[in-house]
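Biologist: Could you bring up the model so that we can go through it together?
Modeller: Here it comes.
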Amino acid sequence: MGAENLLGLGRAELAAELSLLGAEPLRARQLWHWIYCRGATDFALMTTLGKGLRETLAASFALARPGISRETQSRDGTRKWLLAFADGEEVETVYIPEEDRGTLCVSVQVGCTLNCTFCRTGTQALARNLGPGEIIGQVMIARDALSDWPLPREEGRKGAPARGRDPAALSNLVLMGMGEPLLNYENVAAALKIIMDPEGLAISRRKITLSTAGVVPMMRRCGEELGVSLAVSLHAARDEIRDRLVPLNRKYPIAELLDACRNYPGAKNARRITFEYVMLKGINDSLGDARELLRLIAGIPAKVNLIPFNPWPGAPYECSSEAAIKRFSDILFAAGYSAPVRTPRGRDIEAACGQLKSASARPRARPAA
Ligand code: SAH
């Protein structure tokens, strides 16, 4: 039976559905509250709604989360879910707890079209985009697993954080899982607007980072409409190297990408752009590369995130040595940039960057380089 899933409908769409049922606008606001503040999954328990309306809703709609195909927890506390959607497609979602915050890394596509040669998802064909409800569903699954919903009696005043919840449990969101967010922009934007709504999942845009391989024509709109922080997968300071690592560079080369970064709405010191740079032995990790990188990003309020390459079976690269990474980061640091080396988390459960790959994924034949 195909009950329509309400997860993923924005406020206006939800109100429209309810007015079709003859319910007044207040009911739509109450329903929103049940779904996104309380994490309700069962209409029958929505006690602020009349019994008749609850029954009507239950007859025509669902509040379905994705199914959990597999769940693993790392020794360092990182958790990973393999989630299955109604059509059987699967993606992975990773939760990374730290002392002062908890970050959820969500996927936006099943597979990817970009073919970055060091990325494991790049070996999978794109099956499809995720819809807004499927992106939001990943956040709801994490909240469920962390028991991060307020109990009814713990609810504070409207807008006040509910007592009993740990605000650091799931405080940050990164769009750094499978897929390219700016190639599924409409659905990502619809999902983020719901996720950022202060009454509901309420993750502020300041705590959300969207990572892109550099889909230049979509960057301005993303900044203007969503205002989230931007991370850019730069990975190389010269076009000839970046063409090989991130083939999208042939379409939008480094100079154009950096222009889009300079013009990213809201890029200022308080909201620096993060440049991600994967450390690949003998490919992009020399002193010359570091200097070239500095020259490129001069004038852009930026930080650089150095990511040790996470190898996967058959990967055509190796991770740079610790000494090379240290040398690289020292050069950036001496020039005044914050250049932390990202500590791999959840390595024992293959949850680290670039490791996300669903068991059911169809490998794509890669032409010999
Ligand atoms: N498509 C987006 C987001 C997904 S990838 C993007 O390209 O930014 C998130 C980050 O992980 C990107 O910076 C990506 O380049 C990096 N990454 C992918 N595979 C990796 C690997 N094997 N080791 C280290 N980082 C990797």
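Biologist: How far is a nitrogen atom of the ligand from a polar backbone atom of Asn310?
Modeller: That nitrogen atom of the ligand lies 3.0 Å from a polar backbone atom of Asn310. This is a predicted model, where local features need pLDDT of at least 70 and side-chain atom pairs count only at pLDDT 80 or more, while totals for chains, interfaces and linings use all residues. Residues are numbered from 1 along each chain as its sequence is written, and side-chain values use heavy atoms, with hydrogens and water left out.
Biologist: And what does Ser233 do there, which atoms are involved?
Modeller: An N or O atom in the side chain of Ser233 is 2.6 Å from an oxygen atom of the ligand, whereas for Gly179 a backbone N or O atom lies 2.9 Å from a nitrogen atom of the ligand.
Biologist: How much of the ligand's accessible area does the protein cover?
Modeller: On its own the ligand has 540 Å² of accessible area, and the protein covers 95% of that (Shrake-Rupley method, 1.4 Å probe).
Biologist: Switching topic, where is Arg120 found?
Modeller: Arg120 is in the loop between strand 7 (109–110) and strand 8 (128–129), a strand being a DSSP run of E with at least two residues, numbered from the N terminus.
Biologist: Buried or exposed?
Modeller: Arg120 is buried, because its relative accessible area is 12%, and buried means under 20% (1.4 Å probe, protein chains only).
Biologist: Which side chain does Arg120 have a polar contact with?
Modeller: The side chain of Glu350, at 3.3 Å; a polar contact is a pair of N or O atoms within 3.5 Å, and within protein one must be able to donate a hydrogen and the other to accept it, with residues adjacent in sequence counting only if both atoms are side-chain atoms.

Conventions. Helix = DSSP H or I, 4+ residues; strand = E, 2+ residues; numbered from the N terminus. Buried < 20%, exposed > 50% of the residue type's maximum accessible area, 1.4 Å probe, protein only.
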